Amino acid sequence: MKIGILSQNETLYSTRRLREACEARGHEAVIINALRCYMNINSVQPSIHFEGNDLTGFDAIIPRIGADITFYGCSVLRQFEMMDVFSVNQSIAISRSRDKLRSLQLLSRKGVGMPITGFASKPDDVPDLIKMVGGAPLVIKLLEGTQGIGVVLAETQTAAESVIEAFMGLKANIMVQEYIKEAGGADIRCFVIGDKVIAAMKRQAADGEFRSNLHRGGSASLVRITPEERKTAVAAAKAMGLSVAGVDLLRSERGPLIMEVNSSPGLEGIEAATEKDIAGMIIEYIEKNAAKKNRRHLQHQ
Ligand code: ADP
Ligand code: MG
């Protein structure tokens, strides 16, 4: 097969591993920088050009679209979809997952457990917003944050009010969330492919820190997850419409609670923690599913 990897940087660990895994299984891998693609949108023969060449003959695309280029990256991926190329994750599911509010709304509609969460832009009654989500301690998050930046723990009502007012002053959209203390600064990353959790790791925050992000000094280790956690992670990926997803959950007294669902989960931490060939499993998923799609397509012609 000819597999395109939509990635801005071919030296990134995940991109390198996916290319290696493609080649190890006898496929051709082409790394495509979405920002440098230009497209012809027409009803007869939509096309995509990259480095002066027409991008044709692809059997599948693995989108690894950075959060900073979601809009254009998803447009390029959509163009491949218009050309009937199989994508590991569909553009619509990726753009959905990049909006934290929309993601939580979708998850709640499907009855997936999550911390009690409030959203606000310019609340006219901050104490009532705080009361609505159960009072301090609270976690306050900037909607646009990643890698733990813009996630603050406010231990008291006064601290929560000041932080919310400060973020409001910056005209930022915020999320106000129940603090899951019993998680003990740890979260579980479940790597979902298709309808299975194929690997899981526990990330533990550094001493004195509640954010477990590896970028914030957290450390990763292998973990065994419960059947309920497995079921919740798969349900979350499904609610978002993602076939490959990194589902982050917190262990709470009332069971697993979803924090976020990532549509381009990194491979480095989880491959190191679990010693599994996750890149290879993604290619295997493509082999099974792209072929199925292409067969269906032929029958319809
Ligand atoms: P980001 O998208 O920046 O990674 P997250 O929402 O994942 O932001 O939060 C970063 C980290 O903070 C999480 O991995 C988790 O360890 C901790 N955290 C976030 N929300 C909560 C919460 N409601 N209760 C307890 N810990 C939390
Ligand atoms: Mg996170």
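Visitor: How much space lies in the second largest pocket?
Guide: This is a predicted model, and the value is computed from its atoms. The lining of this pocket is made of 17 residues, and the closest to the centre are Val 30, Ile 31, Ile 32, Phe 50 and Glu 51. The space in the second largest pocket is about 220 Å³.

Visitor: Which element gives the largest share of the lining of the second largest pocket?
Guide: Two elements, β2 (28-32) and β5 (53-54), each give two or more residues to the lining. By class, the lining residues divide into 6 nonpolar, 6 polar and 5 charged. The largest share, 3 residues, comes from β2.

Visitor: What is the volume of the largest cavity?
Guide: Rolling a probe the size of a water molecule over the atoms shows where empty space is left. A search of the whole structure with a threshold of 30 Å³ or more finds 1 cavity. The volume of the largest cavity is about 60 Å³.

Visitor: Is Ser 14 buried or exposed?
Guide: Ser 14 lies in helix α1 (residues 13-24). Leaving aside residues up to four places away in sequence, Ser 14 touches Arg 64, Gly 266, Leu 267 and Glu 268. Buried means under 20% relative accessible area. Because its relative accessibility is 10%, Ser 14 counts as buried.

Visitor: What arc do the buried residues of α1 cover around the axis?
Guide: The buried residues of α1 are Ser 14, Thr 15, Arg 17, Leu 18, Ala 21 and Cys 22. They lie on the same side of α1, because the arc they cover around the axis is only 165°. An α-helix has 3.6 residues a turn, so residues three or four places apart point the same way. The arc asked for is 165°.

Visitor: How far apart are the end C-alpha atoms of α7?
Guide: Helix α7 (residues 227-240) has 14 residues. At 1.5 Å a residue, α7 should therefore span 20 Å, and the model agrees with this expectation. The end C-alpha atoms of α7 are apart by 20 Å.

Visitor: What covers the buried residues of α7?
Guide: In α7, the buried residues are Glu 229, Thr 232, Ala 233, Val 234, Ala 236, Ala 237, Ala 239 and Met 240. What covers them includes α3 (91-97), α4 (100-109), β12 (186-193), β13 (196-204), β15 (244-252) and β16 (255-262).

Visitor: Which residue just after α7 takes a positive phi?
Guide: Helix α1 is followed by Gly 26, with a positive phi near 80°. Just after α7, a positive phi of about 80° is taken by Gly 241.

Visitor: What is the relative accessible area of Gly 113?
Guide: Gly 113 is found in the loop between α4 and β8 (117-120). Beyond residues up to four places away in sequence, Gly 113 touches Pro 256, Leu 257 and Ile 258. Gly 113 is partly exposed, because its relative accessible area is 27%.

Conventions: Residues numbered from 1 in each chain as written. Chains lettered and ligands numbered in written order. Predicted model: local features only at pLDDT ≥ 70, side-chain atom pairs only at ≥ 80, totals over all residues. Heavy atoms only, no water. Helix = DSSP H or I, 4+ residues; strand = E, 2+ residues; numbered from the N terminus. Buried < 20%, exposed > 50% of the residue type's maximum accessible area, 1.4 Å probe, protein only. Contact = heavy atoms within 4.5 Å. 1 Å grid on protein atoms, 1.4 Å probe; cavity = no way out; pocket = protein on both sides within 12 Å on 5 of 7 lines; lining within 4 Å. Points joined across faces, edges and corners; volume = space filled by probe spheres on them. Nonpolar A, V, L, I, M, F, W, Y, C, P; charged D, E, K, R; others polar. Arc of directions from axis to C-beta. Expected span 1.5 Å × (residues − 1).
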